[in-house]
Amino acid sequence: MKHKQIDISELQAELEKLHGASFGWALSCCRRDRAEAEEVLQTVYLKILEGKARYRGESSLKTWLFAVIRKTAITELRKRLLRALKSIAIPNSTTGLNSFVAEPAAAFERSEAQQQFQRALERLPARQRQALHLVFYEDLSLREAANVMGVSIGSARQHYERGKKHLRVSLNREELDYGISWERKGNPGAVS
């Protein structure tokens, strides 16, 4: 299915509609570091305004935008790590080692069960975490998630299935430790 190209004012309106979801995806790509997610999203918007990232209509706008966010987050992470490595050689330097420690992000993370879920999710390998985030939180299909992640649909499906399995095992382990029930509830809209 071919999508049409859109002009800059239409693109801006669509980006505004997608801002909440875009920020959520940026948070996921930045391991829940709000400041880093804001920085990544600003960089993405600048890339779009400066024409460094162009929507050509080859996929849905959301899929394209999420791919740009993911690639930008990876680039920014590499830059941060390089700066941290360089500053290790300089004594009394603040390297931002706590940049992966996120501030509590609202009522969602306040309950103990949700905190345990977040920790279990963060322990997943990056690709598994990304696949789950895109499908569950962003409501993308596996094909769209594959496009965002830059992998084949088979690879995305594998990351998704492994992520669900590892998350279930991790939560069941915590259930034993904390006495919390993580019984699977049916979700008619979920991909099985």
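**Helix packing, rings and loops**

Visitor: What is the orientation of α6 and α7 to each other?

Guide: The axes of α6 and helix α7 (residues 142-149) come within 9 Å and cross at roughly 130°; axes are lines fitted to C-alpha atoms, for helices over the stretch in contact, and angles run from 0 to 180 degrees between N-to-C directions. Angles under 35 degrees count as roughly parallel, over 145 as roughly antiparallel, 65 to 115 as roughly perpendicular and the rest as oblique. The orientation of α6 and α7 is therefore oblique.

Visitor: What pLDDT do local features need in this predicted model?

Guide: Residues are numbered from 1 along each chain as its sequence is written, and side-chain values use heavy atoms, with hydrogens and water left out. In this predicted model, side-chain atom pairs count only at pLDDT 80 or more, totals for chains, interfaces and linings use all residues, and local features need pLDDT of at least 70.

Visitor: How many nonpolar residues does the contact of α6 with α7 have?

Guide: R127, Q130, A131, L134 and V135 in α6 meet L142, A145, V148 and M149 in α7, where contact means heavy atoms within 4.5 Å. Ala, Val, Leu, Ile, Met, Phe, Trp, Tyr, Cys and Pro count as nonpolar, Asp, Glu, Lys and Arg as charged, and the others, Gly among them, as polar. The contact has one charged residue, one polar residue and, of nonpolar residues, seven.

Visitor: Which class of aromatic pair do F136 and Y160 form?

Guide: Rings of Phe, Tyr and Trp (its six-membered ring) pair if their centres lie within 6.5 Å; planes under 30 degrees apart count as stacked, over 60 as edge-to-face and the rest as tilted. F136 lies in helix α6 (residues 126-137) and Y160 in helix α8 (residues 153-178), so the pair ties together parts 24 residues apart in sequence. The ring centres of F136 and Y160 are 5.9 Å apart and the planes stand at 35°, so the pair is tilted.

Visitor: Is F136 buried, exposed or partly exposed?

Guide: Buried means under 20% relative accessible area, exposed over 50%, and partly exposed in between (1.4 Å probe, protein chains only). At 41% relative accessibility, F136 is partly exposed.

Visitor: What is the phi of D139?

Guide: D139 lies in the loop between α6 and α7, and D139 is exposed, with a relative accessible area of 65%. Although D139 is not a glycine, its phi is positive, at about 60°.

Methods: Helix = DSSP H or I, 4+ residues; strand = E, 2+ residues; numbered from the N terminus.
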